[in-house]
Amino acid sequence: MNKPGLQNSLMLLPLIGTTGSLLSAMGVSLMLLSVIALFGVAMAPLRSRLAPWACLPAAVLLAATLTSCAQIAGQAWSLQWQQHLGMYAGLIALQCVVLEYNGFFRSPRRDRMRLCGGFVVLMLVMGVLRELIGNGTLAAHLSWLTGAAHWPGLVLNADGGLRLATLAPGGFILLGLMIAGWQAWVRPTPSQSTA
């Protein structure tokens, strides 16, 4: 059996779609982690008690319920933030079902925490970079979550930034550059590989 991980999952959609700003990356990361954790805890006792054919419908029902509750909590906390990201929050249920089908929740807890933590860090890094490059700000819509008066965030460039970075193509370009940088960083040099 292959080692379960995030392969064949739908993580690219929230990674590109919700990391246009730090605030949206933080919010969706928090929602994604909480729903996935609750889904894993709730589904564990059901797996052994359900017939194999009933596991998929139960997973769909449980994931949809938890995601709906998270969306309602997001609306109660900050309607502006939830309206901005409501479409992506709805896909968390589908992500839970895909992870269940791939065996993610049956892997060791340490592996699950490492994978989810790495994904959240990647989302936050992309959120920071895309907001800095695209808008020239950092935490521009923090007032949506805190309820405080409008705060423009940390403005680093009054003229804005490269707008492409906040759009989906800019997200793909930045992700490609980050992957290329990572591969260049960890690839052994010819002197290391012959030793």
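**Salt bridges and a nonpolar surface patch**

In this predicted model, a salt bridge joins the side chains of Glu100 and Arg47, with an N to O distance of 2.8 Å. Glu100 belongs to helix α5 (residues 92–101) and Arg47 to helix α2 (residues 22–49), so the contact ties together parts that are 53 residues apart in sequence. Glu100 is buried, its relative accessible area being 8%. Arg47 has a relative accessibility of 19% and also counts as buried, because the cut-off for a buried residue is under 20%.

Glu100 takes part in a further salt bridge, in which its side chain meets that of Arg106 at 3.2 Å, N to O. Arg106 is exposed, with a relative accessible area of 51%; the class applies because exposed residues are those over 50%. Through shared partners, the salt bridges join Arg47, Glu100 and Arg106 into one network. The count of salt bridges comes to 2.

A nonpolar patch of about 750 Å² is formed by Val121, Val125, Leu129, Ile133, Leu162, Leu164, Leu167, Ile173 and Leu177. Helices α6 (109–135) and α8 (168–186) each contribute at least two residues to the patch. The largest share, 4 residues, is supplied by α6. Among the patch residues is Leu177, which is located in helix α8. The relative accessibility of Leu177 is 57%, and this residue therefore counts as exposed.

Conventions:
Residues numbered from 1 in each chain as written. Predicted model: local features only at pLDDT ≥ 70, side-chain atom pairs only at ≥ 80, totals over all residues. Heavy atoms only, no water. Salt bridge = Lys/Arg side-chain N within 4 Å of Asp/Glu carboxyl O. Buried < 20%, exposed > 50% of the residue type's maximum accessible area, 1.4 Å probe, protein only. Patch = residues over 30% accessible without salt bridge, like charges linked within 9 Å, V, L, I, M, F, W, Y side chains within 5 Å. Areas by Shrake-Rupley, 256 points an atom, 1.4 Å probe, with all protein chains shown as cover.
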